[in-house]
Structures are given as C-alpha cells and as structure tokens.
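Dear colleague,

Please find the structure below, handed over for your own work. A summary of what was found follows it.

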Protein chains: 2
Amino acid sequence: MSRKLHLNAFLMSTGHHEASWRLPESDPLAHLSVDHYVHLARTAERGHFDSIFFADSPVLQGEPGRRPAGKLEPTILLTAIAARTSKIGLIATASTSYNDPYNLARRFASVDWVSGGRVGWNIVTTAGADAARNFGLDDTPDHAERYEKAAEFVDVATKLWDSWDDDAFIGDKRLGIHSDPDKVHPTDHVGRFFRIAGPLNVPRSPQAYPVLVQAGSSEDGKNFAARYAEAVFTAQQTLDDGTAFYSDLKDRTRRLGRDPENIKILPGIVPVIGDTEAHARELDEELTRLILPEFQRRNLAERFNLPAEELDLDSPLPADLPTEDEIQGAKSRFTLIVNLARREQLTVRQLIARLGGGRGHRTFAGTAEQVADTIEEWFNAGAADGFNVMPAVLPSGLERFVDEVVPILTQRGLFRGEYETSTLREHYGLPRPGSRYSADAAATIAL
Amino acid sequence: MSRKLHLNAFLMSTGHHEASWRLPESDPLAHLSVDHYVHLARTAERGHFDSIFFADSPVLQGEPGRRPAGKLEPTILLTAIAARTSKIGLIATASTSYNDPYNLARRFASVDWVSGGRVGWNIVTTAGADAARNFGLDDTPDHAERYEKAAEFVDVATKLWDSWDDDAFIGDKRLGIHSDPDKVHPTDHVGRFFRIAGPLNVPRSPQAYPVLVQAGSSEDGKNFAARYAEAVFTAQQTLDDGTAFYSDLKDRTRRLGRDPENIKILPGIVPVIGDTEAHARELDEELTRLILPEFQRRNLAERFNLPAEELDLDSPLPADLPTEDEIQGAKSRFTLIVNLARREQLTVRQLIARLGGGRGHRTFAGTAEQVADTIEEWFNAGAADGFNVMPAVLPSGLERFVDEVVPILTQRGLFRGEYETSTLREHYGLPRPGSRYSADAAATIAL
C-alpha cells in the first residue's frame with residue numbers, strides 16, 4: 001500500500017487570518033456558535049479529513065476589543081460535535097500545567113467513549129504569566145519545569161487509562177459478578193508533581209488512550225514529542241526547514257526506540273484559494289488591508305518582550321532582540337518569526353502582513369491545483385506525513401479546500417476517497433496501545 | 001397561575017436499585033453507553049421533565065466486582081445528550097474540592113452555550129479519603145472547611161460568569177471594533193483558597209449562570225443551600241420529615257434576604273410502578289431478592305465507620321453507633337438511615353432491602369395512580385416544589401413514569417402538558433441573574 005497523507009482541519013472562529021472576522025461573509029460571533037463549528041466539522045468530514053482540532057489556553061488572550069476573544073472549552077465543544085458527526089477525529093488542546101491528571105484523564109476517556117473512539121489530546125504546557133494568574137500563581141513556571149511536569153502528567157495519565165483491563169467485564173447476572181476486580185489496577189503514583197491513588201473511574205475506552213498530539217518545536221518540545229507524541233503540529237516556512245525538522249524529529253523518535261511511523265508530522269498550511277493565482281493574491285491582499293497594524297504592532301512587541309515603541313512599522317526589526325533562551329513560551333515560533341523577517345528583509349509592517357494569515361504558519365495563496373502541488377511536493381520531499389490545514393477564512397476556505405483541493409489529492413492517489421476506518425487512531429494508522437498490565441505488554445505497549 | 005410542580009429525572013446506569021443490573025432486561029454496560037443515556041433523556045423530554053441529572057465523584061466508588069462501577073464524566077455526557085435533545089435541562093455534579101474555579105466556570109459556561117441555556121450545576125464538596133487520594137491529599141478536608149471552600153468557589157465562579165457584560169459585543173467590522181473592552185471585567189479575586197485574575201475567556205452565556213443545585217442536608221449543607229441553591233435535592237422518608245425540611249430551608253432562605261420562591265425543593269422518590277399494587281410489590285420483591293446481602297453489609301458498615309462483623313444481618317443495628325458529628329460525609333443521610341432502622345425496627349437485612357432501592361431515598365411501590373397521589377399529597381402539603389424521580393430500573397421505570405404517571409399529573413393540572421419555556425432557568429421559574437457590574441445590579445442580582 002502506498003503511503004497516504006493525513007489531513008487535520010485546525011478550526012478557529014472565522015478563520016486563521018487575524019482580520020477574517022471583518023469580511024462581509026463572516027459571523028463575528030462564530031466563536032460562540034456550536035452550529036458554526038458543527039458545519040465546519042461536517043465539511044471536513046465530507047472531505048474525509050482525519051481530524052479537526054481546537055487550540056486552547058485557560059486565559060482570555062489578547063485585548064478583547066479588536067478581535068473575537070474568548071472561546072468555548074474544547075472538550076465540551078468537540079463532544080457537541082461528536083454527537084453530530086460520525087467518523088472525523090476530534091483533537092482537543094488541554095494544559096498539563098493547569099489541570100489535574102485524574103480529572104483530565106477521565107474527561108478524555110469519557111469523550112472517547114461518547115465519540116466511539118475519536119478523541120485526541122493536544123498536550124500543551126501553557127506559557128504566560130496571565131494564564132498562571134488564573135490558577136493562584138504569580139508567574140508561569142519556567143520552560144524546562146513545565147515540560148518536566150508535562151512528562152509526569154502524561155505518564156500518570158497513561159497509567160490511569162490502563163486502570164481497567166479490556167477484559168475486566170464479566171457480566172454474570174446470575175451470580176451477581178459484574179467485573180473481575182483483579183483486572184482493575186490501582187495507580188499508586190507518587191512523583192515530583194502528582195500523587196494519585198487511582199484507579200480511574202472510567203473503564204478502558206475504545207482507543208485505550210486518546211491520540212497524543214504535541215505542537216512545541218523548541219528543544220524541550222522536540223524531545224517531548226519524540227518520547228510521547230503520535231502526531232505533531234509544526235510551523236515551517238520553507239521546504240528546507242520542513243525536511244530538516246521532519247528528519248530531526250523522526251531521528252529523535254527512532255533513537256528512543258519508537259517506530260518513527262508512529263509519529264505523524266503535520267506542518268501547518270494557510271491556504272488562500274482563488275480561481276486563478278491572481279485572484280488568490282487579491283483575496284490575500286484584501287485580508288491584509290483589513291489588518292489593524294497598530295494593534296498587531298502591540299501583539300508583536302509583546303511576543304518579543306519589547307515596548308511597542310521600539311518597533312517602527314516601516315523599518316526592519318531592531319538588531320538587538322532577545323534570544324530564544326530569554327523567551328518563556330512559543331520559543332521556536334519566536335525564532336521562526338525573526339528568521340523570516342531577516343531572511344526576506346521585511347519591515348515590521350510587512351512582517352505583520354505575513355503573520356496575519358497564520359501567526360507564523362506558512363500562508364500559500366494560489367489555485368486549488370497549486371495548493372495540491374505544494375502539498376504533494378512537501379509530502380514527497382519528506383517534510384510532512386500530512387498537513388494541518390488552517391484556512392484563512394472560515395467556513396469558505398475550508399469548503400473550497402474540501403470541494404477543490406481534496407478531489408485532486410484523491411485523484412493523485414495521495415489521499416483517501418472515503419473513510420475506511422472508524423477510530424482516530426485507525427485514521428492515522430496508529431496502533432491501539434496495549435496495557436502495561438497485560439501479559440504481552442512488552443510486545444504491544446506503545447509508550 | 002396555579003403553582004406547578006417540577007420533575008427532575010436522576011439518571012443512573014440500569015436504575016437506582018442496587019440490583020437492577022441483574023434483571024434480564026438490563027444492559028450491564030449501560031453506564032458506558034451514550035445511546036442508553038440519550039434514550040433516557042429523550043424519554044424524560046417526551047414527558048416534559050424540567051431536567052435530567054447525574055451524580056458524580058472523582059473516584060472509583062465501591063468494589064468494582066459486584067456492580068457496575070465507574071461512570072462517564074457528567075459535563076461530557078450531558079453535552080453529548082444536549083446535541084440530541086432540544087428542551088430538557090442538564091444538571092451535572094461537580095466538586096468544589098477537586099476542581100479549579102477557572103476551568104470549571106468555563107466548562108459550565110461552555111455547556112450553557114452549546115445547549116442553548118440548559119445547564120445546571122449540582123455543587124458538591126466530595127467527602128471521603130479515597131477521592132482525596134486522587135488529588136495529592138492523604139485525607140479529605142473536614143466538613144466545615146470543605147463548605148467554606150465551596151462558598152468561596154461559588155462566589156468566584158459567579159464573578160467569573162459576570163466577566164463579560166451582556167452588551168459587550170459591538171461587531172463593527174468597518175472600524176475593526178469587535179467588543180467594548182470596558183464591558184469586560186477583571187476578576188481580581190484573592191481569597192483564602194483561590195487567587196484568580198480573570199476575566200473568564202467565555203462571554204456571558206444564555207443563562208448567565210448555570211442553575212445552582214445542592215443536595216447536602218446537614219447543617220452546613222442547609223446553610224449553604226439557603227445562601228446559594230436554586231434547586232435542592234433531598235432524601236426524606238416521611239411526609240412529616242419532608243414538610244419540616246421544606247419549611248426550615250425556605251425560612252433559612254428568607255432570613256438571608258432571598259425570595260424563597262427562588263429555591264425549589266425536590267425530594268427524591270424511587271417509584272416502582274405496577275399494573276396493580278400487588279404487581280408493584282412483586283417487582284420490588286424481585287429486586288430485593290437480587291440484592292447481595294454480604295456485599296451490602298460491607299457497604300453499610302463502611303458508611304457507619306464500623307468493621308463489617310459488627311453488623312449482624314438478622315439483628316437490629318448495634319446500639320452503639322457513631323454520632324453524625326463523627327461522620328465526615330453524607331452526614332444527614334447517615335442520620336436518616338439510623339432513624340429509619342430504629343423507627344421501623346428493621347434488622348440489618350431488612351434495612352439493606354429498604355436501602356437497595358434508593359440509598360435512603362423513599363421507595364414507593366404502587367400503581368401509576370398511587371404514585372401520582374403521593375406526589376400530589378407531598379406537593380400540596382408543603383413538602384415539595386417537585387420531585388427528583390429516581391426509577392428503580394432504567395429505562396423501563398422512567399418509561400412507565402412518563403407514559404403513565406405524567407399524564408395523570410398533567411390531567412390534574414399539576415404539571416405541564418408541553419414545554420412553554422426554553423432554558424432550564426425558565427423551566428424552573430428561576431430568574432436570570434443580573435450582573436454585579438450592571439447599573440441596576442442591586443435590583444436584579446440573584447445571589
């Protein structure tokens with residue numbers, strides 16, 4: 001069987017372009033509308049996407065005045081969507097810094113049960129003092145400590161998901177024996193960050209564990225991904241950067257004794273699809289015109305830890321910027337943005353326009369054919385196992401992708417023409433983890 | 001308009017009777033089946049119930065061997081149900097001891113958005129060392145401290161739900177002004193248990209706050225209910241106890257300056273409905289025969305903080321039991337059970353049979369007419385604003401209630417014959433809370 005690519009739809013209110021809510025077609029309250037998101041999910045499902053995905057952070061991000069702010073909690077929103085779809089995978093972001101493992105493990109197991117095995121967990125450590133201040137802290141723990149906690153969190157979560165053996169159920173009504181208590185295991189975890197007796201109060205779910213997803217591309221992030229992740233979202237601006245990241249992460253995974261086939265690498269792409277190349281560029285420029293440069297200058301300055309006055313809209317970035325070490329969150333994204341500005345000699349205003357589409361993810365404006373071409377090129381060059389599709393405008397950008405790009409990919413034999421599998425793990429070709437308590441655990445355990 | 005009664009369906013796997021899973025009709029894996037629960041919710045909605053409700057605790061309760069153990073997390077399960085129902089209210093239990101207010105407030109606001117204003121929160125403090133041990137603690141905090149934390153939790157949750165004014169949204173696409181930042185308020189809470197900067201990252205939801213529900217009937221519990229609760233679930237075995245509890249709680253509510261109409265008192269009833277009274281008793285006896293007395297003896301001993309050997313199945317309860325003060329959770333339930341056993345001079349075996357149906361809630365076996373009679377009697381005597389209906393067997397017990405008892409109640413003018421309202425607050429006749437930041441807050445704020 002030839003290698004097939006995977007597609008995830010990253011859903012965000014009216015689209016990934018900063019200014020998308022200002023288009024005539026956009027509903028500025030889309031971020032609160034379950035019907036909006038159900039329509040998007042069904043559109044992606046019509047295109048046989050592997051999954052949809054929601055980013056998240058437990059804090060009101062950015063100023064509420066200048067763009068849609070706030071969002072519904074992803075495990076809730078995805079559960080509502082699960083009930084109105086049947087095949088597509090559902091990936092929710094949740095923080096290891098601001099959740100209890102018992103509650104979160106249970107919630108993901110519950111979504112897996114109600115969705116028939118379609119849930120994934122995008123594991124984030126959550127940077128930023130503003131999030132910390134919603135949880136009794138003055139500032140965010142440092143990057144390395146957040147990742148250490150994340151590792152312990154995932155370790156104990158997988159142990160909780162193994163609490164019940166798959167064959168614990170007996171169901172003998174006559175004798176009154178419901179389950180075999182010897183097949184329900186205490187957790188007894190004592191670590192640096194967590195102490196959890198267990199067992200989990202949800203039996204082992206259809207997928208056993210949610211598909212584990214990760215999106216950090218810093219050193220800590222890549223090491224974490226190599227150890228735990230089964231799918232990785234990443235921002236890569238050039239094919240060279242993409243292939244370098246891909247082979248680096250596959251190598252790290254192999255060195256940890258894991259099969260590199262079991263980690264799917266999905267760079268982001270922000271497609272702006274037009275009837276012609278010129279039409280696509282027009283759409284892109286219309287969006288750029290709607291950007292609020294002063295507002296985005298403040299956002300960029302915040303990312304760089306600088307006063308906004310130090311960024312002049314019509315000059316290049318200042319020579320004297322912080323180093324990646326001095327940035328506490330989104331480290332690799334910081335470096336990507338600085339490199340992009342320097343490589344292409346962009347002014348701050350031009351950089352803001354480039355970031356408007358996907359916050360550092362690669363924007364590609366062109367025809368459906370050209371979008372399919374770049375996807376095929378990256379896929380065949382060893383830069384991607386698939387793509388994290390981030391339409392600039394929603395729903396129209398996803399509809400065009402599904403109606404125009406997907407058929408080309410299918411025709412070229414790169415992508416499925418119908419669902420042949422049921423669970424999210426199966427869509428991505430990932431194994432169902434064995435339990436650490438099963439007799440053949442050594443042979444089957446995935447993590 | 002004459003006073004109308006309210007009905008909540010308390011849903012639990014194959015029913016509230018301990019042994020219900022052993023009946024031929026029961027699916028022993030019902031507790032993991034979203035389709036089972038959707039069927040129950042739609043049945044209750046067909047009967048125009050105000051709401052459905054799930055109990056919860058973040059721990060595996062009881063031995064897994066002898067009955068269905070574990071359950072899906074209620075905010076997830078209710079969200080899945082919300083997508084497949086349209087009117088019925090959805091009440092989820094969540095613990096104030098083992099959640100973060102920011103995360104939980106956000107989750108309830110999200111369920112309120114996706115359900116169109118149908119969510120309620122049953123506020124529990126969660127007794128028991130076994131739950132504590134899933135959250136890094138050796139033992140549960142004591143009863144008074146748990147209630148103090150619960151009060152601070154609810155205070156800050158309501159403040160988080162007030163973060164966004166109802167009219168914060170502007171949506172001026174031309175000027176690029178999405179919302180009025182002056183109508184988004186920081187939380188700035190610093191208390192004994194929590195420090196939360198806010199604001200919440202979910203705009204004010206259809207109901208503003210979930211309907212706040214409470215079920216503790218201890219002194220601490222009643223005082224908490226009088227201050228915060230808008231609906232109260234309670235276990236009452238006799239009409240006298242029911243009227244005493246009702247007038248006591250309404251008085252406490254009035255003394256705190258709240259309108260006693262805004263707290264709905266809903267005693268539990270475990271109906272066992274037969275074609276004749278004799279048939280109903282047969283059904284009840286069939287269930288009693290399926291109880292595992294040794295298993296239930298251990299459960300009862302645990303509730304009493306005694307070694308199981310001290311309970312003899314064929315003798316009355318020992319004279320020397322702990323006092324309510326010595327019990328850390330379910331205090332009022334403890335007293336109710338002891339009083340029941342002593343008042344009716346029950347042996348331990350007989351007591352176990354009585355508790356089999358509803359764990360201390362009143363079991364009533366009779367015809368549909370007789371069930372309607374006792375409901376009307378309690379309602380008119382001032383013991384109830386409605387009932388927490390806890391069918392011994394599910395789904396059949398709920399189906400019979402909806403098909404046979406509800407029409408009688410409707411015919412008597414006691415209960416609605418169709419939905420006339422949309423949100424859970426409206427079903428129960430409860431006001432939508434005003435915001436503490438609105439100009440007329442003093443006049444409209446509910447809490």
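Q345(A) lies in the loop between α10 and α11 of chain A, where helices (H or I, at least four residues) and strands (E, at least two) are DSSP runs, numbered from the N terminus. Although not a glycine, Q345(A) has a positive phi of about 50°. Q345(A) is exposed, with a relative accessible area of 70%; buried means under 20% relative accessible area, exposed over 50%, and partly exposed in between, with a 1.4 Å probe and protein chains only.

As to conventions, this is a predicted model, in which local features need pLDDT of at least 70, side-chain atom pairs count only at pLDDT 80 or more, and totals for chains, interfaces and linings use all residues. Residues are numbered from 1 along each chain as its sequence is written, chains are lettered from A and ligands numbered from 1 in the order in which they are written, and side-chain values use heavy atoms, with hydrogens and water left out.

The buried residues of helix α11 (residues 348–358) of chain A include V348(A), L351(A), I352(A) and L355(A). The buried residues of α11(A) pack against β11 (264–273), α9 (293–303), α10 (331–343) and β12 (362–366) of chain A. Just after α11(A), R359(A) takes a positive phi of about 55°. In chain B, R359(B) likewise has a phi near 55° and is partly exposed, with a relative accessible area of 23%. The peptide bond from G198(A) to P199(A) is cis, with omega near -5°, and P199(A) lies in the loop between β8 and β9 (211–214) of chain A. Another cis peptide bond joins L394(B) and P395(B), with omega about 5°.

Turning to helix packing, helix α5 (residues 143–161) and helix α6 (residues 219–228) of chain A pack at an angle of about 10°, with their axes 10 Å apart. Axes are lines fitted to C-alpha atoms, for helices over the stretch in contact, and angles run from 0 to 180 degrees between N-to-C directions. The two helices α5(A) and α6(A) are therefore roughly parallel (angles under 35 degrees count as roughly parallel, over 145 as roughly antiparallel, 65 to 115 as roughly perpendicular and the rest as oblique).

Chain A can be laid on chain B with an RMSD of 0.0 Å by a turn of 180° and a shift of 0.0 Å along the axis. The two copies are thus related as by a two-fold rotation axis; the superposition is by least squares on the C-alpha atoms of residues with pLDDT of at least 70 in both.

The structure holds 66 salt bridges over all chains, each being a side-chain nitrogen of Lys or Arg within 4 Å of a carboxyl oxygen of Asp or Glu. One of them pairs D138(A) with R195(B) (2.9 Å, N to O). D138(A) lies in the loop between α4 (129–132) and α5 of chain A and R195(B) in strand β8 (residues 195–196) of chain B, so the pair joins two chains. D138(A) is exposed, at 55% relative accessible area, and R195(B) is partly exposed, at 33%. R416(B) and D50(B) also meet in a salt bridge (2.9 Å, N to O), linking distant parts of the chain, 366 residues apart. Both R416(B) and D50(B) are buried.

With kind regards

Conventions: Contact = heavy atoms within 4.5 Å.
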